[in-house]
Amino acid sequence: MNRILLMIGILLPLTVLAQKKTVSLEDLNKSHTFHAKSVSGLKSMNDGIHYTILENKATQIVKYAYATGKQVGIIMDLEKIEDCPIHYIQSYELNNDETKILVYVNRKAVYRHSFKADFYVYDIKRKEIKALSEEGKEQVATFSPNGEMVAYVKDNNIYINKLKFGTTAQITDDGEFNKIINGIPDWVYEEEFGYNKALEWSPNSMELAFVRFDESKVKEFAFPLYKGSHPAYEENALYPGEYTFKYPKAGETNSEVSVNVFHVKNRTTKTMKIEDKEEYYIPRIRWTYEDGKLAILKMNRLQNQFDLLIANTASTLTKNIFTHRNEYYIAEDVLDNLTFLSNGKHFIYVGELDGYNHIHLYTMAGMKIRQLTKGEWDVMEYYGYDAKKKMVYYKAAEKSPTQREVYSVSLDGKKKYKLSQKEGTNTAVFSSNYKYFINYYSSTSTPPKITLHDQSGKLIRTLEDNAEFAKKMDEYEISPKEFFSFTTSEGIELNGWMVKPLNFDASKKYPVLMTQYSGPNSQKVLDKWGIGWEQYLAAEGYVVACVDPRGTGARGEQFRKCTYMKLGQLESDDQIEAAKYLGSLHYCDANRMAIWGWSYGGFMSSSCLSKGNGVFKVGIAVAPVTNWRYYDSVYTERYMRRPQENAKGYDNNSPINMAENLTGRLFLIHGTADDNVHYQNTLEYVEQLVQAGKQFDMFVYPNRNHSIFGGNTRMHLYQMMSDYLNKNLK
């Protein structure tokens, strides 16, 4: 008997030790336990067989061979530079002949893509480093192709540093905050066209083209600054400050833009002539090819027409060589995918010309040669063109909307190869000459695996298999994501995933939280790795589900653009139908349904509580759009046109106009320094809810922007939302 008790005493501690852990909010928001290892920061060199990377606490730029992974040299070492003014490198760029390096430190974010930093130029042969300017805090510093000059922006003006002579010339002098911007985009261009540099060197380094933004007539938006994380706040201030910037809302005045070209030798600036009486955008400029001409990528204000103009920088005349019109809109993806071939005779255009996003070849006269990819599936990302092999590389959702594969196709369209082998989500990063590519693979059940391949797809070596991470994952109880689809009452098949509670018992009924984003061309239902809040909630006894409604990506133009002119209507209909479908499952409690989302997802959860007729008991809306009239011109008008011509589309689908129909408990959360979806959205919505006699809950994060992060903020946010669900749903 004593021996049996002794054995039980030995086994019990082993049982306790063997018990798996559950995902905690601290794992997700503090220790970041489930961030798998990756491979990042590699910069391909010109030969395409070597790359560089920052190492040794960011004090060295080290050169490696792709094929072997072995170090072949150190091209910059701060410890070996005499009187070096910096102690680390945040990022860097080599010039074209790889004799100089542009590095920066002290990066300070401005908006989503833009930043200021202290830039330095390092001469590799001489081992000398010099500051780009005395004061620092430059933007978009860029080498000329010959490596002898660097152009940059400071205080909205453009400067050129001639490295050989150590002189700096100011080439614009009218730059002024909230008035004139040279060489960098204004807020709405940066946010919605996704870039931060609006200047480009000519291939022969003789000319610098740039876009000038006159935002004098654009209305200002301001928000107060309190103590918190906003960079503009003065720590010792007794009274709140204020940040004011130009923000064109839907239907309001945009910046006036012009394309200018500065001639380095003549020191003259000319403005290119763009003949168009209608309002337009210039979201990119680009030089065509070696000794080429200036290409101006232009869109009309409604963004349903794209024009490719070629400018003669001497005469300033422009010629339209290609136009793409669409009955809905043309996505901003076309801008960076357009590629001029080195033969000077052709360009590649990736767009929706046959109902799906595909790759097309044109002459420089705008004549279509052929369509390189075809089928009822979308090209999701264009990687580039290998002139030597005459192959085009891209990522597609050919097998399923929920998966991604990497392919190549010949320029004549006759040969096509699938380069990725595993089912799930594959993404590639190619070397400069396309000789190698790094494949980033994962699935819902497989942590990221990063491998190196040659251009035929042959495996060279594994860079990161995350074996240690997989072992760590074995210590946790994880509820697998299960994919499903269902058909709505309108006959639309929608895709989704579900995470069931740990220790799931099919005889029980569980509360359900629906998570979603639902915005145009977005996707949340993907076969890729990720451990998030849904796993914490699974441990707490929730079913968590996600459904991609109409308007989301990888299912062709008709599915993607059916929400045109009525954002929110079909998406919320689909989320409500998804809730009803989930509520019909025997293990889901139809009386305990919740929906949450951030940004567009917050817009959606707010809408669903007003349209759902009691389907949802709880809704959480973080930084929601509540009235499309409050959002910016570029994004909103792309999908809705201007409110002056689509008033019903705006008003009928904005939560602010549905306040009286709200059912269930709504939790509104916003940051006061949100420069994107303004806090105004929540405050104006609150007023309508109050006047409609609707009870709701609300929390405000002082000085936090649209991402609501910094310090303990994310931990606080997710703990608060978890507690809210437990109180009101569980």
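**Entry 1. A pocket**

I started with the lining of the second largest pocket, which by class has 15 nonpolar, twelve polar and seven charged residues. For these classes I counted Ala, Val, Leu, Ile, Met, Phe, Trp, Tyr, Cys and Pro as nonpolar, Asp, Glu, Lys and Arg as charged, and the others, Gly among them, as polar. I note that this is a predicted model, where local features need pLDDT of at least 70 and side-chain atom pairs count only at pLDDT 80 or more, while totals for chains, interfaces and linings use all residues. Residues are numbered from 1 along each chain as its sequence is written, and side-chain values use heavy atoms, with hydrogens and water left out.

I looked up the volume of the second largest pocket and found about 1,600 Å³. Of its 34 lining residues, Asn46, Glu93, Asn96, Glu200 and Glu290 are the closest to the centre. A pocket, on a 1 Å grid over the protein atoms alone, is an open set of points with protein on both sides within 12 Å along at least five of seven lines; a cavity is a set of points where a 1.4 Å probe fits but cannot get out; lining residues have an atom within 4 Å of a point. Grid points are joined across faces, edges and corners, and a volume is the space filled by probe spheres set on the points.

Which strand gives the most to the lining of the second largest pocket? I found that β14 does, with three residues. The strands that each supply at least two lining residues are β1 (43-44), β5 (91-94), β9 (139-143), β14 (199-201), β20 (280-287) and β24 (339-340). Strands (E, at least two residues) and helices (H or I, at least four) are DSSP runs, numbered from the N terminus.

**Entry 2. A cavity**

I searched the whole structure for cavities of 30 Å³ or more and found one. The largest cavity holds about 50 Å³ of space. Its lining consists of Pro401, Thr402, Asn495, Gln523, Val525, Asp548, Thr552, Gly553, Arg555 and Phe559. By class I have three nonpolar, five polar and two charged residues there.

**Entry 3. Strand β26**

Why is β26 (residues 357-363) largely enclosed by the rest of the structure? Seven of its seven residues are buried, so I recorded the strand as enclosed. Buried means under 20% relative accessible area, exposed over 50%, and partly exposed in between (1.4 Å probe, protein chains only). Asn357, Ile359, Leu361 and Thr363 point one way from β26, whereas His358, His360 and Tyr362 point the other way.

I then checked the partners of β26. Strand β25 (residues 346-352) runs antiparallel to β26 and is joined to it by seven bridges; two strands pair if DSSP finds at least two bridges between them. Valine 350 stands opposite isoleucine 359 in β26. The hairpin of β25 and β26 has four residues between the strands, and glycine 355 in the turn has a positive phi of about 95 degrees.

On to β27 (residues 368-371), which pairs with β26 in the antiparallel sense over three bridges. Here arginine 370 is the bridge partner of leucine 361. This hairpin also has four residues between its strands, and glycine 366 takes a positive phi near 85 degrees.

**Entry 4. Salt bridges**

I found 32 salt bridges in the structure, each being a side-chain nitrogen of Lys or Arg within 4 Å of a carboxyl oxygen of Asp or Glu. Side chains of opposite charge can pair when their charged atoms come close.

Glutamate 540 and lysine 730 form one of them, at 3.5 Å from N to O. This pair links distant parts of the chain, 190 residues apart: glutamate 540 is in the loop between α6 (533-539) and β39 (543-548), and lysine 730 is in the segment after α13 (713-728). Glutamate 540 is partly exposed at 25%, and lysine 730 is partly exposed at 48%.

In another, the closest N and O atoms of aspartate 573 and lysine 611 are 3.0 Å apart. Aspartate 573 is in helix α8 (residues 569-584) and lysine 611 in helix α9 (residues 600-611), 38 residues apart.

**Entry 5. Arginine 665**

I placed arginine 665 in strand β42 (residues 665-671) and noted a relative accessible area of 29%, partly exposed. Beyond its neighbours within four places in sequence, its contacts include Leu609, Lys617, Phe696 and Tyr724, where contact means heavy atoms within 4.5 Å.
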